[in-house]
Amino acid sequence: VTVMELPEIIPFSFGEDPVNQGDYAQISCNVRRGDKPLDITWSLKGDIISSDPAMSTTMIGQKTSILIIEAVDYQHSGIYTCRAANPAGVTSHSAKLLVNGNFNTGTGNILL
């Protein structure tokens, strides 16, 4: 009998303070343990993130995925979830990105 081990994600966050509009942001999802093959995906507000010029995901080895936002904007605010799946099951961890900036409302800075 082979016992499969669920992925274990090391907790991550964007930090306590909001990120300023236009700043660079990066976060890593590291799977500490779990059987291979591993499939690591990122989502924002429940939608799978596919790489584009503004936001990209990159695998480093077989157990780490990095999410990069080149220039943070208001639409990047929200809950980011890293999902790690293997034959034993699925584990996920989420972190909230707060964006601080002037969004042409005429009222100054707004925290989203």
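With which side chain does the side chain of Thr81 make a polar contact? The partner is the side chain of Ser94, at 2.6 Å; a polar contact is a pair of N or O atoms within 3.5 Å, where, within protein, one must be able to donate a hydrogen and the other to accept it, and residues adjacent in sequence count only if both atoms are side-chain atoms.

The structure is a predicted model, in which local features need pLDDT of at least 70 and side-chain atom pairs count only at pLDDT 80 or more, while totals for chains, interfaces and linings use all residues. Residues are numbered from 1 along each chain as its sequence is written, and side-chain values use heavy atoms, with hydrogens and water left out.

**Overall architecture**

The protein chain contains zero helices and 11 strands; helices (H or I, at least four residues) and strands (E, at least two) are DSSP runs, numbered from the N terminus. Its C-alpha atoms fill a box of roughly 65 × 25 × 20 Å along the principal axes. Of the 112 residues, 36% count as buried, where buried means under 20% relative accessible area, exposed over 50%, and partly exposed in between (1.4 Å probe, protein chains only). The chain exposes about 6,500 Å², of which carbon and sulfur atoms supply 49%; the areas come from the Shrake-Rupley method with a 1.4 Å probe. Among contacts (heavy atoms within 4.5 Å) between residues at least 6 apart in sequence, 61% join residues at least 24 apart.

There are 7 positive and 11 negative side chains, and the centres of the two sets lie 9 Å apart. Lys and Arg count as positive and Asp and Glu as negative, without His and the chain ends.

**Two open sheets**

Strands of a sheet pair through backbone hydrogen bonds, either parallel or antiparallel. Here, two strands are taken to pair if DSSP finds at least two bridges between them.

E8 and E9 form a hairpin with two residues between them.

| Strand | Paired strand | Bridges |
|---|---|---|
| E3 (residues 25–33) | E7 (residues 64–69) | six bridges |
| E4 (residues 39–44) | E8 | six bridges |
| E8 (residues 78–86) | E9 (residues 89–97) | nine bridges |

Gln26 has Ile68 in E7 as its bridge partner, Leu44 stands opposite Tyr80 in E8, and Thr81 has Ser94 in E9 as its bridge partner.

Thr81 belongs to strand E8 and is buried, with a relative accessible area of 16%. Leaving aside neighbours within four places in sequence, Thr81 is in contact with Thr41, Trp42, Ser43, Ser92, His93 and Ser94.

Ser77 lies in the loop between E7 and E8. With a relative accessible area of 9%, Ser77 is buried, and its side chain reaches the backbone oxygen of Tyr74 at 2.9 Å.

Note on methods. Charge placed at Lys NZ, Arg CZ, Asp CG, Glu CD.
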